[in-house]
Structure formats: C-alpha cells, structure tokens
Amino acid sequence: MLTCGLANQQAKLHNVPHMRHATDHIQADERASTRAQQVFLALCVVIVGGFLCLGAYLSYDALRTNGREIVRSRFELSAQRVALAAQRAMSTGLELSTQTTLPALLRRAMDQDPAIISFDVVDARGVVLFSADAQRTGQPGVAAYDNVVRHDLLDDLGQRQGAVQVRFGHTLLSDLDQRFAQGMKAGLPLPLGMACLVLVLGGVWLMRLSRTVCNSPQQAGPVRWGVLLRPGFRASLSLLAGTVLAGTLVALHGHASQMAQQTLPPEMLAKAQSVARASSAQIALAVDTGVPLSQLRGVEPHFDALLKSGPEIAALALFNADGQALARRGATPVAGAAYAVAEPVVVQGQTVAEVRVAIDDSVLQSSLRANALDTGFLAVVVLLMANELMALLGTLTLSRHLLALDRQLEQ
C-alpha cells in the first residue's frame with residue numbers, strides 16, 4: 001500500500017511539468033491569436049481612414065471642377081458672342097484685320113461684366129488686333145492660364161485666323177478653391193475620428209466576444225450575440241468596417257452637398273446675370289433697329305444655345321412690358337417660384353421687355369453622389385481583398401491564427 005501511494009505521488013509530480021507546459025502553450029496561442037486580431041483590426045482602421053480621406057478629396061475635386069466650369073463658362077459665353085460676330089463677318093469676305101467694329105463690341109461686352117480685366121481679339125501670330133482697351137492694340141496676347149478664356153476664330157475652310165481672349169480676375173478661381181478646401185478640411189476630422197473610434201470599439205467588442213465563444217463549453221448553450229461571429233471574425237469585422245465606412249461617406253456627402261449649396265449659387269447667379277444682361281442687350285439692339293418686339297426671330301434658338309452652356313442654367317424667357325411670355329426655353333419654374341435673375345430690355349430710355357433666367361442649384365448632387373458611391377464600392381472591394389488576402393497567406397503566423405479562430409467559431 002505504501003508503495004502504491006509513493007508511485008501515485010511520483011506520477012503526479014512527473015505530470016506537473018507537462019501540465020504547466022500545456023498551459024503555457026495555450027496561453028501563448030491565445031496571445032498570438034489576440035495579436036492577429038489586433039493586426040487585422042488595425043488594417044481595417046487604416047483602410048476605412050484612407051478611403052474616408054479619398055472620399056473627401058473626391059468630393060473636393062468635384063466641387064472644385066464644377067465650380068471652375070461655372071465661373072469659366074460665364075466668360076466663355078462672352079467670348080463666343082464676339083467670335084460669332086467676327087466669323088459671320090469673315091464669311092462675307094471681310095478679313096479679320098479690317099473688322100473695325102469689333103473694338104466697340106469688345107467694350108460693350110466688357111462693360112456688361114465688371115470681372116473682366118481684358119477683352120482682346122488676336123491674330124494668328126498672337127498679336128492683339130482689337131481690344132476693349134485701345135492701348136493694348138499691337139501688344140502680345142495674354143498667356144494661357146486658368147483665368148484666361150480663349151475661343152479660336154475659324155474661316156469657312158476651318159483655318160484658324162485668330163482668337164478671342166478674355167482675362168478675368170484670378171481671385172474668382174483661387175477664392176473658390178480655397179473655400180472648398182477649407183470646408184472639406186473642416187468637415188473631415190469629426191466623421192473620420194468618429195468612424196475610427198466606432199470601428200476600434202466595435203472591433204475590441206468582437207475580439208472579446210470571440211474569446212467568450214471559444215472558451216464557452218458546448219453544453220452551456222449558445223453565447224449571447226455569438227451568432228454575429230458565425231461568418232468568422234474576419235468577415236464580421238470586415239462587415240462592421242464596411243458599415244461604418246458607408247455611414248461616414250453618407251455624412252461626408254451631406255457635408256459636401258451643404259457646402260455646394262452655400263458656395264456655388266452666388267457663382268451661378270453671377271453667370272445668370274451675365275447671360276441675362278447680354279441677351280437683353282442683343283434684343284435691345286435688334287428692337288432699336290426697327291424690328292418690332294413681337295416679330296423678333298431667333299430668340300428661342302438663342303436661348304437653346306445658352307441652355308447648353310451649362311446645366312446650372314435651367315430656363316430662359318422673354319416677357320413684354322405687360323408680363324406676357326414671348327419666348328421661353330427650358331424647365332419652367334413651378335407655380336409661385338420666381339426666376340433667379342431678371343434684366344430689363346431698355347430701348348431709348350424705355351423698358352419694352354424683360355429677360356428672365358432661372359438656375360438649378362442642385363446640379364452637383366448627382367456628381368457628388370456618384371463620387372460617394374464609387375468610393376464606397378472601391379472600399380468594399382479593398383476590404384474583401386484584405387479579408388481574402390489573410391486567408392491566402394496561410395503560411396504567415398498571423399493568418400494561421402485568424403484561420404484557426406474562424407474554424408473554431410464555425411464549430
């Protein structure tokens with residue numbers, strides 16, 4: 001009996017190192033699994049943060065591009081009107097250098113928009129032939145830049161004979177770019193920080209939940225919320241990251257839309273004012289030559305051409321002094337809504353008609369939505385690729401631990 005007791009005690013003492021070794025091995029595996037989960041969580045945070053920054057930049061780029069197009073198209077219309085007059089004269093055989101009526105046309109167009117700095121007609125060599133400022137005649141034309149609009153003058157054979165150049169204040173573009181940049185920088189930190197915080201907290205909760213599920217005895221029944229990990233830790237965390245990213249991109253889209261509504265309508269109104277002022281001047285010139293207002297021809301084609309200058313111009317109309325519409329093009333404003341800009345047609349000191357222009361200040365919404373959707377779609381693809389990459393790189397220690405964890409959660 002004594003011999004058996006001594007044998008059992010020796011066996012127990014012999015098994016202690018093995019038990020201690022097994023416990024250390026299990027603890028090491030748990031620590032390695034935790035590190036693998038932390039690495040994958042950090043990867044998801046980096047992906048979400050990077051794509052939020054990309055989404056903010058794409059929104060800024062869309063706002064900047066469309067804002068610049070609105071500003072530049074305002075002056076392109078003036079250049080096109082002068083170019084059309086010069087090309088019509090050339091089609092009758094009158095050479096560009098002999099069109100002495102162009103300086104008056106340039107001065108009148110420049111007076112209609114105070115933002116224009118110089119308005120020139122240059123020859124094929126780039127030398128100023130005619131200008132709103134007579135002192136610029138004979139000087140080199142202005143160099144191509146962001147604040148310079150150029151429209152080539154072509155003869156009947158399509159040969160370039162010169163160009164119309166409009167230079168406007170560069171601050172119109174730089175101030176617009178600065179407002180958009182500052183607005184997006186101010187609106188990014190809060191959603192970015194909230195997204196990363198929610199993702200980190202959610203990831204840590206999933207890590208604890210996975211540890212609870214793995215350590216829970218099978219006879220104890222399912223762990224509360226454990227069903228969330230049935231797809232596996234990697235898939236569950238990727239789904240969480242995609243959800244957080246989608247919600248934050250929606251918030252960024254709302255911020256960009258609000259910034260567009262606050263910043264772009266003044267530029268649209270300025271363009272509408274330029275369109276209305278130029279149209280009323282042309283109509284007044286025609287009426288002053290003796291053509292009755294009711295018998296004017298070409299007003300509606302003229303309005304159609306202006307509508308093509310940009311989607312922000314929604315409708316144009318010509319009303320007589322009695323308020324009767326003589327010509328109308330574009331989407332008619334709803335009942336009770338006024339046109340954004342109204343410019344009187346004055347002939348010999350008397351107002352005989354009025355040109356009205358309506359704008360659409362929501363033209364950027366579709367572009368901003370497309371940017372948000374593209375960013376979200378690309379981010380989802382990258383998250384899926386990161387998920388699959390961890391599975392493909394099974395030779396790596398971190399990947400092996402994540403794969404083992406997913407297999408354990410699926411049991």
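Guide: A residue is called buried when its relative accessible area is under 20%, exposed when it is over 50%, and partly exposed in between (1.4 Å probe, protein chains only). The model is predicted: local features need pLDDT of at least 70 and side-chain atom pairs count only at pLDDT 80 or more, while totals for chains, interfaces and linings use all residues. Residues are numbered from 1 along each chain as its sequence is written, and side-chain values use heavy atoms, leaving out hydrogens and water.

Visitor: What makes Tyr 60 count as buried?

Guide: Tyr 60 has a relative accessibility of 18%, which is under 20%, and therefore counts as buried.

Visitor: Why is the pair of Tyr 57 and Tyr 60 called tilted?

Guide: The structure holds two aromatic pairs, a term for rings of Phe, Tyr or Trp (its six-membered ring) whose centres lie within 6.5 Å, with planes under 30 degrees apart called stacked, over 60 edge-to-face and the rest tilted. For Tyr 57 and Tyr 60 the centres are 6.2 Å apart and the planes stand at 45°, so the pair is tilted.

Visitor: How do you know that Phe 75 and Phe 168 are stacked?

Guide: Their centres are 4.3 Å apart and the angle between the planes is 5°, which is under 30 degrees, so this pair counts as stacked. Phe 75 belongs to helix H1 and Phe 168 to strand E4 (residues 160-168), so the pair ties together parts that are 93 residues apart in sequence. Phe 75 is buried, at 0% relative accessibility, and Phe 168 is buried with a relative accessible area of 0%.

Visitor: What makes the contact between Arg 125 and Asp 123 a salt bridge?

Guide: The term requires a side-chain nitrogen of Lys or Arg within 4 Å of a carboxyl oxygen of Asp or Glu. Arg 125 and Asp 123 meet at 3.0 Å, N to O, and therefore qualify. Arg 125, at 70% relative accessibility, counts as exposed, whereas Asp 123, at 10%, counts as buried. The structure holds 13 salt bridges.

Visitor: How do you know that Arg 329 and Glu 300 form a salt bridge?

Guide: Their closest N and O atoms are 3.1 Å apart, which is within 4 Å, and therefore they form one. The pair links distant parts of the chain, with Arg 329 in strand E6 (residues 325-330) and Glu 300 in helix H6 (residues 299-307), 29 residues apart. At 27%, Arg 329 is partly exposed, and at 30% Glu 300 is partly exposed as well.

Visitor: Which residues have the most contacts inside the largest nonpolar core?

Guide: They are Phe 119 and Val 121, in a core of 62 residues, where a core is a set of buried Ala, Val, Leu, Ile, Met, Phe, Trp, Tyr and Cys residues joined through side-chain atoms within 4.5 Å. Helix H1 (residues 2-91) gives the most to this core, with 20 residues. Leaving aside neighbours within four places in sequence, Val 121 is in contact (heavy atoms within 4.5 Å) with residues including Val 82, Leu 96, Phe 130 and Val 164. Another core, of 22 residues, lies apart from this one and has Val 287 and Ile 313 among them.

How values were computed. Helix = DSSP H or I, 4+ residues; strand = E, 2+ residues; numbered from the N terminus.
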